[in-house]
Every structure is written in C-alpha cells, then in structure tokens.
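Dear colleague,

Please find the structure below, together with its sequence. My notes on its contents follow.

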Amino acid sequence: MHRAQHSLRFDLIPKLELHLHLEGSIPPAIILELINKYDHTLAKTLTIESLTKIFQFNDFTHFLELWAWKNTFIRETDDFTLIANSVAKHLRSQNIHYAEIFYSPADFAKTGIPLQDMTEAIYRGYSKVDGIKIQLIADLVRGSDPKQTYSMLDPLLELQHEGVIGIGLGGNEAKFPPGVYKATFQRARDMGLLTTVHAGEGAGPASIWEALRELHPHRIGHGVRAVEDPLLMTHLAEHQIPLEVCPLSNICTDIYSDYAQHPVRRIFDSGIPISINTDDPAMFQNSMAEEYAGLMDIHRFSALEIQQLTLTAVEHSFADEATKSALRTSIIQDPQWTSHFIA
Ligand SMILES: [Zn+2]
C-alpha cells in the first residue's frame, strides 16, 4: 500500500467521502470495545495491534468473512450509536466535511432491531459531531430477497429526517446479478430516493451494463472495470454517469496488483466524472489523504486536478444545493490549497 510523504498536507484540505461503509469504518479501538462487551474472554486475548492484524485478509472471500465476523459484535441499538459517533469523529479529524455513509440493515437481521430503531440510533451517534454533514444510504445488499428490499422502501422514505437519502446495492457482485432488484430501484427513484449500485468491482463490464440497463442508478460504486470495454467508457462519458472510485480498496481486494496498475488516470482522462473514496478504511487501513497522495505521486495528478476531483464529488453528491454551495466555497477558499498547491 502506498504511504506517501504528502499525507499531512492532504489531511488538512477539506474533503468528501461518497462511498464509505459504516461497518467497514469502525476504528479498531471501538471494535475491541464491542468485542469486550459481548465476549470478555476473547477480548482479553486481543490488542488493537493484533486486531488490526486479523483484518489483514487474503482475498475478497476472506474479506467478506471478516466483515461478517466483526458484525456479530454489533447487537444492540446503542452499539449503532457508538459506531456512528466514532466514525463521524474519525472522519471529522481528517477534515472530511461531508460524507454519504452506507449502512447495511440486512446484515443485522438476526439482531431483531427494527429498521427505524437502527437508523435512529445511527443518526443519534453521528449528529452529535459538529463540523461534518453526514447523510445515509441504505445498502440493500445483493443476495437479499427482492421482495424484502422492495418492502423497505416505504420505511426508508419515512426516515429522511434521520438522514436517509437513498439506497445502494453492495455485496457479492459476481454471485448475485442486479436485475432482480429492478422493481425496487424503479420505485425508489419514483419516490425521490437517490440510488447507487456497486458494479465493475467484483465483476466486469457486463455487470455495469446490467446495472445501468436494469436499475438506472444515479451513480455507480467503483465501476473501474469499465476500462475493459471502450463502448462502455464512451457511454459513461457521454451520459456523465459518475463513478465512486476507491483505488486502495481495489488494491486490497486484489482487483489490481498495485496503485500504478489502477486505471484511475485513464478513467479521469476519459471525461467520466469520478470521485475518490476509501470504501472501508478501517479494514483497508487507508485514508483520503493517502488516496490523494497516491494519485499525485504515482498517477501524476496535479494539485488542480485533485481539487477538481473534490469539486466533482460535491457536484455528484446527494447533498442539497445549499450544502453543495457551502462545500464548494469551503474547498476553493481553503488556505491549504492556495498556500500549498495553487500558488
Ligand atoms: Zn463499497
């Protein structure tokens, strides 16, 4: 993984995250606290360092196993408040001013916590943290029963005051094609919920085409494997379909062998609107600062191009116009840009 000397400076500039999973962003100290709550004996054998080592997975299947294991220690509504609060504080400490965060209610069906209580608990946790605006995207998770995902839409719409703005579709892309969720996404769009679909990460261009054709999402999560199909690249650029690109995540899950092999530069140069994101930073041990440093050092992005990426993220975020305008101003006028990069 790329650890760059620029990290400190990139820590200071105002940033956004549009593709971030709540359950993949929990700081290790908080995971340890939760393990201690439910399995004191196990917790006694662990330290933050050993826990961090456990999360060094071998491949995507191993990643999904660790994801599920960690989630078994999130059981009560208060746990959701705790994790949301810790994630928001961690983001704020990195000068992330705006974040859209996925949460995956289907992964916690066993807890029996109603969707409304879970969402309110998350909202209680992050809304206590000043200086960052957060909105929630419910990840319906591939493999879930399509009837059940459809039935979640009415309750989700009622949770707009608790920060819910849309739906997403993560999970195992190679195993579960998206077409079965067509009715869910159609109705979500009709209701005014915003939509994003993970595609072109664990599967190739055909998966992106299917997601576009069947679900018509406002954004695509990842989408990087579009580079394998020139027609698809042209389509994404012509229709200005935004991709939530997560370079270090793709390297951690072995889609690309290292940062230099990642197609982020090609996608950016093709005119497709992209944002840069960390995906699951507690599991990949990455940060926005490292992502930007890698773009500059390895892919020769200029400071202005990095600022452009940040502004593109604002443009294609699901924020209202007033929030977008405030974000644009805070980015353009931030002294870090003028003193370190632009001047
Ligand atoms: Zn993701």
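This is a predicted model: local features need pLDDT of at least 70, side-chain atom pairs count only at pLDDT 80 or more; totals for chains, interfaces and linings use all residues.

The crossing of α6 past α7 is right-handed. On the α6 side, the contact is formed by Thr-77, Phe-80, Thr-81, Leu-82, Ile-83, Ala-84, Asn-85 and Ala-88; α7 contributes Asp-117, Met-118, Ala-121, Ile-122, Arg-124, Gly-125 and Tyr-126. Sorted by class, the residues in this contact of α6 with α7 are 9 nonpolar, 4 polar and 2 charged.

Turning to the sheet, 8 strands make up an open sheet with parallel pairing, in the order β1-β2-β3-β4-β5-β6-β7-β8. Because β1 (15–21) and β8 (274–276) stand at the edges with a single partner strand each, one side of each has no neighbour in the sheet. On average, neighbouring strands of this sheet are turned by 25° against each other, direction ignored. Within the sheet, strand β5 (residues 194–199) and strand β6 (residues 219–222) run parallel and are joined by 4 bridges. His-198 stands opposite Gly-221 in β6.

Leaving aside residues up to four places away in sequence, Ala-99 touches Leu-16, Glu-17, Leu-20, Leu-91, Ile-132 and Ile-134. In soluble globular proteins, nonpolar side chains tend to be buried together.

With kind regards

Conventions: Residues are numbered from 1 along each chain as its sequence is written. A crossing is left-handed if the near helix is turned anticlockwise from the far one by less than a right angle, and right-handed if clockwise. Helices (H or I, at least four residues) and strands (E, at least two) are DSSP runs, numbered from the N terminus. Two residues are in contact if their C-beta atoms, placed from the backbone, lie within 7 Å. Ala, Val, Leu, Ile, Met, Phe, Trp, Tyr, Cys and Pro count as nonpolar, Asp, Glu, Lys and Arg as charged, and the others, Gly among them, as polar. Two strands pair if DSSP finds at least two bridges between them. Axes are lines fitted to C-alpha atoms, for helices over the stretch in contact, and angles run from 0 to 180 degrees between N-to-C directions.
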